[in-house]
Amino acid sequence: MIQIMNLLYFQQLVFRTIFIFACYMDIVSANEECIPLNVLIIQKVENLGFHRDLNWFIETRDLNPDKWLNSSCNVTLKIDVGKGVFVNPDQADDLKRLGKLDILINGTVDVEVPAHEGKSYSVYIYLNRTEFLRSINVKLPIHLRYQRSLLGGHGHVTLSKPQLLVHCPGSNKIICGKNTKIMAPVSSEEPNNIKVWKNVYYQGELGVMELEVPIGNLNDYSYVSVITCILGCAGCIYIISLMSAK
C-alpha cells in the first residue's frame, strides 16, 4: 500500500513539474517572439479662435523593422471628440481624398448646432505601417462650437487624451504587454468591420488640454442693451425727419 501511494505521489510530482516547465517555456517563448512598442506622442494645438489644428508627433523607439513588417499589424489613433468640438466631415473627406489622412469619423456630425446640443463621437486616424517604424506627423483640423453667453466672456473645452490602438490579424498577443482591449473598425474603408484592438501604453507630452472659447460676455449685457436702444431710437428719428422733409 505504501509503495502504491509513493508511486502515485511520484507521478503527481512529475506531472506538476512538466506542467510548470511547459508554462514557463510558453511564457519565455511569447516574450521572445512578441514585439515591444516604445512610443512617444507629442501633442500641440495650433491657431486661435474657433478653428484650430491638433498636431501629433509620433515616434517609435527600438522597433525591429523585420518583426514589425512581417507581423501585418495595423495602428490607429483614436480621438474621442466631445460636445464642444467637431471635425468637419467634408474637410475630413478632402484630406482622405488627397491622401493626407486615412481618417474615419465614427458618428453623425452636425456642424451647425451649438455646444449644448452637440454629440460626442470618435475619430480614427489610421497610420502608415512603414512610416510608423520611424516617426509620423499628423495634423487634424478641429472646430470649436459656439457656446451660451456667460459671465467673463470665455468658455472652455477639454480635449481628450488620444488612444494608440494596435490590431494584428493573426493575434494581438504579438504585441508585448497586457493592455486593455477596445472594439474598433478595422480600417477607414470598412467602418462596419469591427475587430479587437490593443490600447497600447505610450509616453505622452500632451501640452494644453483645455481650450478657451470666445463667447458673449453677460457682464456687458446692460451696456449693450442701452446703446442698442439709443441707436435704434436715433435711427427712427432720422428716418422720420427725412420723411417729414419730403
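Start by selecting Leu-165 and Asn-199: Leu-165 stands opposite Asn-199 in β11. Now widen the selection to strand β9 (residues 163-167) and strand β11 (residues 190-200), which pair in the antiparallel sense over three bridges. Two strands count as paired here if DSSP finds at least two bridges between them. Helices (H or I, at least four residues) and strands (E, at least two) are DSSP runs, numbered from the N terminus.

Before moving on, note that this is a predicted model, in which local features need pLDDT of at least 70, side-chain atom pairs count only at pLDDT 80 or more, and totals for chains, interfaces and linings use all residues. Residues are numbered from 1 along each chain as its sequence is written, and side-chain values use heavy atoms, with hydrogens and water left out.

**The six-stranded sheet**

Show the rest of the sheet around that pair. Its six strands form an open sheet in the order β5-β6-β3-β9-β11-β10, with antiparallel pairing. Color β5 (103-106) and β10 (180-187) next: each stands at an edge with a single partner strand, so one side of each is left without a neighbour in the sheet. Neighbouring strands of this sheet are turned by 35° against each other on average, direction ignored; the axes behind such an angle are lines fitted to C-alpha atoms, for helices over the stretch in contact, and angles in general run from 0 to 180 degrees between N-to-C directions.

**The five-stranded sheet**

Now turn to the open sheet of five strands, ordered β4-β7-β2-β1-β12, with mixed pairing. Its edges are β4 (85-86) and β12 (203-205), each with a single partner strand, so one side of each has no neighbour in the sheet.

Select β1 (residues 38-46) and β2 (residues 51-61), which pair in the antiparallel sense over nine bridges. On to β7: nine bridges join β2 to β7, and the two run antiparallel. Here Arg-52 stands opposite Ile-142 in β7.

Which residue takes a positive phi in the hairpin of β1 and β2? Click on Asn-47: the hairpin has four residues between the strands, and Asn-47 has a positive phi near 75°. Most residues other than glycine have a negative phi. Asn-47 is partly exposed, with a relative accessible area of 46%. For these labels, buried means under 20% relative accessible area, exposed over 50%, and partly exposed in between (1.4 Å probe, protein chains only).

Follow β2 along to Thr-60, which has its place in that strand. Is Thr-60 buried or exposed? At 10% relative accessibility, Thr-60 counts as buried. Its side chain reaches the backbone oxygen of Leu-133 at 3.0 Å. That is a polar contact, meaning a pair of N or O atoms within 3.5 Å; within protein, one must be able to donate a hydrogen and the other to accept it, and residues adjacent in sequence count only if both atoms are side-chain atoms.

**From β2 into the helices**

Next, select Asp-62 in the loop between β2 and α2. Asp-62 has a positive phi of about 60° although it is not a glycine, and at 75% relative accessibility it counts as exposed.

Continue to Ser-71 in helix α2 (residues 65-71). Ser-71 is buried, with a relative accessible area of 11%. A polar atom of the Ser-71 side chain lies 2.5 Å from the backbone oxygen of Trp-68.

Helix α3 (residues 89-97) is the next stop, with Asn-88 capping its N-terminal end: a side-chain oxygen lies 2.9 Å from the backbone nitrogen of Asp-90. Within α3, pick out Arg-97, which is exposed, with a relative accessible area of 61%. The side chains of Arg-97 and Asp-94 are joined by a polar contact of 3.3 Å. After α3 comes Gly-99, whose phi is positive, near 75°.

**The second largest pocket**

Finish by selecting Lys-100, Leu-101, Asp-102, Asn-137 and Val-138: of the 14 residues lining the second largest pocket, these lie nearest its centre. On a 1 Å grid over the protein atoms alone, a pocket is an open set of points where a 1.4 Å probe fits, with protein on both sides within 12 Å along at least five of seven lines; lining residues have an atom within 4 Å of a point.

About 200 Å³ of space lies in this second largest pocket, a volume being the space filled by probe spheres set on the points, which are joined across faces, edges and corners. The elements giving two or more residues to its lining are β6 (121-127) and β7 (135-144), and the largest share, four residues, comes from β7.
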